[in-house]
Amino acid sequence: MISKFSNKKSILAFAFLLFSVVTFAQKKQKVDGVAAVVGNYIVLDSDIDLMYLELKSQGIDTEKITRCELLGKQLEDKLYAHQAIQDSIVVTDEEVNSFMDNQMNTMVEQIGSKEKLFEYYKKKDEQDFRSYFFEIIKMNKLTNQMQRKIVDDVTVTPDEVKQFFNKIPADQVPTISAEIELSQIVVKPVVTKEDKQKVIDKLNEIRNDVINNGGSFYSKAVIYSEDPGSSSNGGYYKINKKTQFVKEFKDVAFRLNEGEISEPFETDFGYHIILVEKIIGQDIELRHIIISPKVTSKATSDALEKMESIKSKIEKGEITFEAAAKASSDDKETRTNGGLLLNPRTSEPRFEISKLDPALYNQINDLKQGEVSKVFLDQERQGGKFFKILKVNKKTEEHKADFGTDYMKIKELALSDKQFNEIENWRKENIEKNYIKVSGDYKDCAFSNNWLKK
């Protein structure tokens, strides 16, 4: 059962995501070296070569991964994409371009600039980059949507979960990793009105110089903006209403006309001004400058004193941790539920201890259930520092799955197993009814699916 979800399949899926080569363009350039055809899609020998190169570049041992396995993975995904088109699943150019914009913005933030991004992927400019990745993204989206369609209506009943669990041999009952449930209280240093006004005044000074004196917004973004993802590129971003930027930023951006510069405005990241350069349909090309108010040493000292006082009251029993979180925590997301932390992947309050961030793990590793951590300094993604304490609500040691205790995890396994079987049945049926041809030496492959239609 567990082998169905093996690491090898995960590796192959990852490799294929990176190298679903643009087959339409290749079709025009190369007719030799065709490994297989699935409907309107082809797989070339060079596609498999590229997958090997990428696996090796990731430090993955390819000695035991055969060309037949890589071809089998490509055939699967081409079949999904082909059938998606037959089933009238539509992936629009706008959807592909929007996804590409989001990905580019994220990658630019990580790598430093568009120029560095294009250099990394060996593309001469943005058009070259977009042309290369357009069909790759489109086919991956078709594949993913087809897979979702296959399993969308698959559910499991409590009886099915019970039957699934009872069929697992005793020596194969899955092990549940050690888990922990945590709550937190956060205290942030207070930024004074005067410090905020200094930032607003600076942004107004920059804005006025650009408007009235012809100053360069690009140059000022390079010099003053504190956004590491865009400052070196003059604060440039291309966004639409689906782009994952904070609401306040998008609200201001979409109210501006071409050439207009916003007044300073605030988000959780700091204070911004935006210059809209172009409006192209639903897309906006803009530049922005962000400056955050600086926290004084006194504000930091006051925040630490407040945090220590809260912890002391909890330890003396004057207030519960949950009540203190509701009354005093500066974290909006956890304050209302008494500081309880939810796992963003599962939306449940349990975290696998082995997957915790090392810095967080070090704070709670030696704590027993019900104990509160020392006060420690933490940092937001955007750079702001704050003080935090954590409480261990519950700790569960590694153990063999128990139906009563671990029902939700067993339900996930049962659902995955049923979805896997649904996809297997779908694949068998569609291999039979679609045009598939495997060429050359690949006809000797021992595929796990009946691609050869023997």
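An open sheet of 3 strands, in the order β2-β1-β13, is held in antiparallel pairing, where strands are DSSP runs (E) of at least two residues, numbered from the N terminus, and two strands pair if DSSP finds at least two bridges between them. Because β2 (41-44) and β13 (436-438) stand at the edges with a single partner strand each, one side of each is left without a neighbour in the sheet. From one strand to the next, the twist averages 15°. This is a predicted model, in which local features need pLDDT of at least 70 and side-chain atom pairs count only at pLDDT 80 or more, while totals for chains, interfaces and linings use all residues. Residues are numbered from 1 along each chain as its sequence is written, and side-chain values use heavy atoms, with hydrogens and water left out.

Another open sheet, of 4 strands, has the order β9-β4-β11-β10 and antiparallel pairing, with β9 (351-352) and β10 (376-379) as its edge strands, each pairing on one side only. Two of the strand pairs are set out here.

| Antiparallel pair | Bridges | Opposite residues |
|---|---|---|
| β1 (residues 34-38) and β13 | 3 bridges | Val37 and Lys437 |
| β4 (residues 179-187) and β9 | 2 bridges | Glu179 and Glu352 |

Thr334 is found in helix α14 (residues 332-335), a helix being a DSSP run (H or I) of at least four residues. Thr334 counts as buried because its relative accessibility is 5%, buried meaning under 20% relative accessible area with a 1.4 Å probe, protein chains only. Leaving aside residues up to four places away in sequence, Thr334 touches Gln184, Gly339, Leu340 and Leu341, contact meaning heavy atoms within 4.5 Å.

Notes
Buried means under 20% relative accessible area, exposed over 50%, partly exposed in between (1.4 Å probe, protein chains only). Axes are lines fitted to C-alpha atoms, for helices over the stretch in contact, and angles run from 0 to 180 degrees between N-to-C directions.
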